[in-house]
Amino acid sequence: MKVTLWGTRGSLASAGPETIRYGGNTACVEVRADDGSILILDAGSGIRRLGESIGTPDGPIHVLLTHLHLDHIQGLGFFGPLFRGAVEVHLWGPPSTTADLRTRLGRYLSPPLFPVRLRDLGARLVLHDAPAIATAIGPFVVRADLVIHPGPTVGYRIAEGQHRTLAYLPDHEPALGVPKFPNSARWTSGIDLARDADILIHDAQYSAAEYPSRSGWGHSSTGHVVAFAELASVGQLVTFHHDPNHDDTALDLLHEMAGGTTNVPIQPGREGLSVSV
Amino acid sequence: MSDTPAPRPQVPVELILLRQVASYLAMPIFLIGADGDLLFFNEPAESLLGLRFDDVGELSMDEWLAAFRPAREDGAVLASQAVPLVVALREQRPTHQRLTITGLDGVQRVIEATSFPLRGQGDRLLGAIALFWPVP
């Protein structure tokens, strides 16, 4: 499988000359199987350019949403394939006890927040709860599990074949309330999703100095994500969900410091980065 | 074939968060999983149970029932199916009851126990929780 990052920014799109190398678009990742099947992880503003690159696909498109915070769905209304009548788009999202996925997405994709309603999109739209048990989606096997982040939020574990696994936890605060992180693996949020994954794409929004004043906001420091990656024994860590206030220079420094503390290979998550698994 | 045992599965995230909350609260809390196994008790519960959680770790339901010997206030043995936490888990309803427990320090204490089942997203049964109220 080939994994391409189309948006790596967290919380708010932050385009500008100071973010040109890491990118300013919010969360969106393309996962391509060897046979060309496509999974899309989250629908932040990065999905607009991805949609243009896809054009009109031969088969269905599956978009896996981790949660419904705006930086993960704000690109949906600009995702070209949703407006093409011949396309089948499957949207997967975390279950809720109060309203189904269509109702919750409709709160954003309807006036006054957006001019086009979900029901008026041209594509054939199918909505699903994120799969709590391993489920085949085309050539992929996908499993979702709740992770620590405000509101119902899931991470995904995606496998293609026997030995290629991607874990995607873009918004995750496993250190919340833990006096000395990491705790044991059994008591660490997200560990079963990430364990032994070839690639872990993970929230790394804050520096160690920033984290204490943002505890409970649902994100990790670079130190926390390195500790989590070590605990999960992943093959490679890709940092993600960069803080909108961190410019390229700040992110370079954060990654340089993080890389000096671990043997886990770290790939700074940059818009346009492609990694083969 | 590897001799390394498979890692124990992760505890559901709702119970991870509950343990963290319990760790910060000053009231005794006892947490069991969906199979009835003891997952955690906090420091205030340690003084009632006569041992530290770190010294005993997770226990099966049979083990913790045998260890803490819950009994009626008059000393009569409490059948396992009548123990408040077991009622909460198996009958899926809240309970409140006065009973005695015997700590691992050998001291018998009278407590009141409030127990209720825990259900997560997708109507998953996660386990049950008990709050202990020491009776002076």
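Read along the sequence, chain B runs α-β-β-α-α-α-α-β-β-β. That makes 5 helices and 5 strands, where helices (H or I, at least four residues) and strands (E, at least two) are DSSP runs numbered from the N terminus. The radius of gyration of chain B is 15 Å, close to the 14 Å that the globule rule gives for 136 residues, so the chain is as compact as a globular protein of that length. That radius is taken over C-alpha atoms, and the rule is 2.2 Å times the number of residues to the power 0.38.

This is a predicted model: local features need pLDDT of at least 70, side-chain atom pairs count only at pLDDT 80 or more, and totals for chains, interfaces and linings use all residues. Residues are numbered from 1 along each chain as its sequence is written, while chains are lettered from A and ligands numbered from 1 in the order in which they are written.

The C-alpha trace of chain B spans about 55 × 35 × 30 Å along its principal axes. Of its 136 residues, 32% count as buried. Buried means 20 or more other C-beta atoms within 10 Å of a residue's own; exposed means 12 or fewer, and partly exposed lies in between, with C-beta atoms placed from the backbone. Among contacts in chain B between residues at least 6 apart in sequence, 46% join residues at least 24 apart. A contact needs C-beta atoms, placed from the backbone, within 7 Å.

Now chain A. An open sheet of 7 strands has the order S6-S5-S4-S3-S2-S1-S14, with mixed pairing. Strands pair if DSSP finds at least two bridges between them. Strand S6 (124–129) and strand S14 (274–276) of chain A stand at the edges, each with a single partner strand, so one side of each is left without a neighbour in the sheet. Strand S5 (residues 88–93) of chain A runs parallel to S6(A), joined by 6 bridges. Glu88(A) has Arg124(A) as its bridge partner in S6(A).

The contact between the chains takes 18 residues from chain A and 12 from chain B.

Last, the largest nonpolar core. It has 105 residues, and Leu64(A), Leu200(A) and Leu31(B) have the most contacts inside it. Such a core is a set of buried Ala, Val, Leu, Ile, Met, Phe, Trp, Tyr and Cys residues joined through C-beta atoms within 7 Å. Not counting residues up to four places away in sequence, Leu200(A) touches Ala167(A), Ala194(A), Ala229(A), Ala232(A), Val234(A), Leu237(A) and Val238(A).

How values were computed:
Contact = placed C-beta atoms within 7 Å.
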